[in-house]
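Reader: I am new to this structure and would like to learn how to read it, one feature after another. Could you show it to me and begin with the overall layout?

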Amino acid sequence: MLKLGIVGLGARSGGLLYTLFKMKDEVRITAVCDTRQEVIAPYVERFDKEGLPRPKICSGHKELAALPEVEAVLITTSWNSHIGIARDVMLQGKYAGFEVGGASSLEELWELVRASRQGGGQCMMLENCCYGRDELMALKLARLGYFGEIIHCGCGYEHDLAWKLAEEAETGLERGTHNWKRCADLYPTHGLGPIAKILRINRGNRFLSMVSMASKARGLELAAERDGIPRTFNEGDVVTSIIKCANGETIELHHCVSLPRPYSRDCKVQGTKGTWLEDVKGMFIEGISPNPMAPDEEGRPTRYTEPQWTPVKELYDRFEHPLWRNYNPDGIGHGGMDLPVLRAFFDAAKRRITPPIDVYDCAAWMSVTVLSERSIAMGGAPVAFPDFTNGSWICQGQVSDSPWQLDEIVEPSKEREF
Ligand SMILES: NC(=O)c1ccc[n+]([C@@H]2O[C@H](COP(=O)([O-])OP(=O)(O)OC[C@H]3O[C@@H](n4cnc5c(N)ncnc54)[C@H](O)[C@@H]3O)[C@@H](O)[C@H]2O)c1
């Protein structure tokens with residue numbers, strides 16, 4: 001049974017608690033803290049209803065991380081504090097699992113990397129979208145070569161949050177304030193995490209350079225006006241970035257949280273033999289998808305109509321990733337993605353192994369926010385990514401011992417309890 005502390009008891013933490021209560025045979029929450037005193041009592045009262053002992057209430061994350069009854073720490077605070085808290089936890093020799101978000105400076109990312117080398121602890125970003133059903137299936141198809149050689153990918157965070165962000169900026173909540181004062185790809189990892197795994201970033205490949213541009217900003221201003229709040233925002237409605245990878249691929253990222261549209265992580269994988277396009281819920285795979293352009297036996301095109309997408313749901317039977325198929329999530333927590341990401345972190349912390357999303361992944365993915373901000377400020381000039389691995393990215397590296405690893409396709413061991 002892993003003994004867990006939780007730092008940050010806001011909306012996300014409250015949602016995760018449902019999932020954590022379902023894992024009560026695997027994990028015991030022993031300590032909690034939040035800088036807002038008013039959220040603590042209602043949070044710990046939920047333990048009574050579950051018949052679980054209340055966790056100890058700590059005055060801050062350093063006190064919490066130092067407790068002997070805390071082996072790992074879940075960090076569900078707002079964006080600016082994740083990295084510093086994770087660093088302090090690792091320096092105590094413990095494991096830190098932190099929620100998603102971008103970085104504010106490259107220096108804090110270097111500190112994170114150094115702490116993981118010095119402190120004996122490790123960290124994992126809890127990027128649940130890496131365990132999404134379609135993301136996992138695309139990863140499997142990529143590893144099996146169904147996309148051919150991958151040339152170009154796309155991803156993003158397209159979520160109409162204008163109605164919330166204007167108010168958040170007014171009340172000083174961190175996410176709204178970032179959108180008010182900064183202009184960057186503020187939330188890159190939901191889309192970029194799965195794509196980075198598909199492209200083996202930090203394991204034989206790396207992000208090399210990036211250019212970013214931001215459109216004008218109107219969506220948040222209009223939302224603020226509707227709420228009677230006159231305010232201008234720095235964050236452009238659409239931030240577009242292009243990353244060049246060492247192995248030659250390009251990745252186009254979009255960040256748009258202020259214009260009306262349905263939610264999307266905008267994923268795309270395009271190779272010499274096939275393409276996945278999340279927004280059409282389809283894949284085109286040579287030899288599998290309908291392709292009337294394919295030549296007949298005599299080499300003549302049969303009909304001049306366009307290749308057709310195969311709906312992803314028609315591919316699940318044949319290509320489901322073993323992590324999804326064997327583990328069979330029952331849909332709790334963001335369509336089933338929260339449980340596997342938490343299990344991956346808890347398993348790594350219990351066995352003190354490298355997590356499937358390690359410190360180098362965290363640093364590379366989160367640096368996109370800082371670097372996009374710099375590139376935009378310089379009118380779209382190219383910026384170089386630091387090599388946080390200090391050269392070791394050139395090796396494919398060993399596949400993590402985690403049964404939740406996202407690097408190779410491994411049938412989960414029958415002996416291991418999922
Ligand atoms: N993975 C997902 O699907 C998903 C979904 C929603 C939110 N999130 C992420 O979860 C995180 C939290 O989001 P939220 O909506 O719960 O925000 P929130 O503002 O509701 O909650 C954050 C809490 O952290 C507390 N806090 C801030 N700094 C602290 C510190 N130094 N020590 C202790 N407590 C501190 C705040 O007082 C607040 O109660 C964000 O990174 C967000 O992006 C992820």
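Author: Domain bounds come from an automatic or database domain assignment. For this protein chain the assignment gives domain 1 (2-129) and domain 2 (130-323 + 364-387), and their centres, taken over C-alpha atoms, are separated by 28 Å. This is a predicted model, in which local features need pLDDT of at least 70 and side-chain atom pairs count only at pLDDT 80 or more, while totals for chains, interfaces and linings use all residues. Residues are numbered from 1 along each chain as its sequence is written.

Reader: How many residues of domain 1 are in contact with domain 2, and of what kinds are they?

Author: Two residues are in contact if their C-beta atoms, placed from the backbone, lie within 7 Å. Here 15 residues of domain 1 are in contact with 22 residues of domain 2. The side of domain 1 that touches domain 2 divides into seven nonpolar residues, seven polar and one charged, where Ala, Val, Leu, Ile, Met, Phe, Trp, Tyr, Cys and Pro count as nonpolar, Asp, Glu, Lys and Arg as charged, and the others, Gly among them, as polar.

Reader: In what order do the strands of the open sheet lie?

Author: Strands (E, at least two residues) and helices (H or I, at least four) are DSSP runs, numbered from the N terminus, and two strands pair if DSSP finds at least two bridges between them. Six strands form the open sheet in the order β3-β2-β1-β4-β5-β6, with parallel pairing. Its edge strands, β3 (56-57) and β6 (123-125), each pair on one side only. Strand β2 (residues 27-33) pairs with β3 over two bridges, and V32 has I57 in β3 as its bridge partner.

Reader: Is helix α13 largely enclosed or open, and why?

Author: A residue is buried if 20 or more other C-beta atoms lie within 10 Å of its own, exposed if 12 or fewer, and partly exposed in between, with C-beta atoms placed from the backbone. Twelve of the 14 residues of α13 are buried, so this helix is largely enclosed by the rest of the structure; among the buried ones are L339, F345 and F346. Just after α13, R352 takes a positive phi of about 50 degrees.

Reader: What about E149, is this residue buried or exposed?

Author: E149, found in the loop between α6 (133-143) and β7 (150-158), is exposed, with 11 other C-beta atoms within 10 Å. Leaving aside neighbours within four places in sequence, E149 is in contact with G271 and T272.
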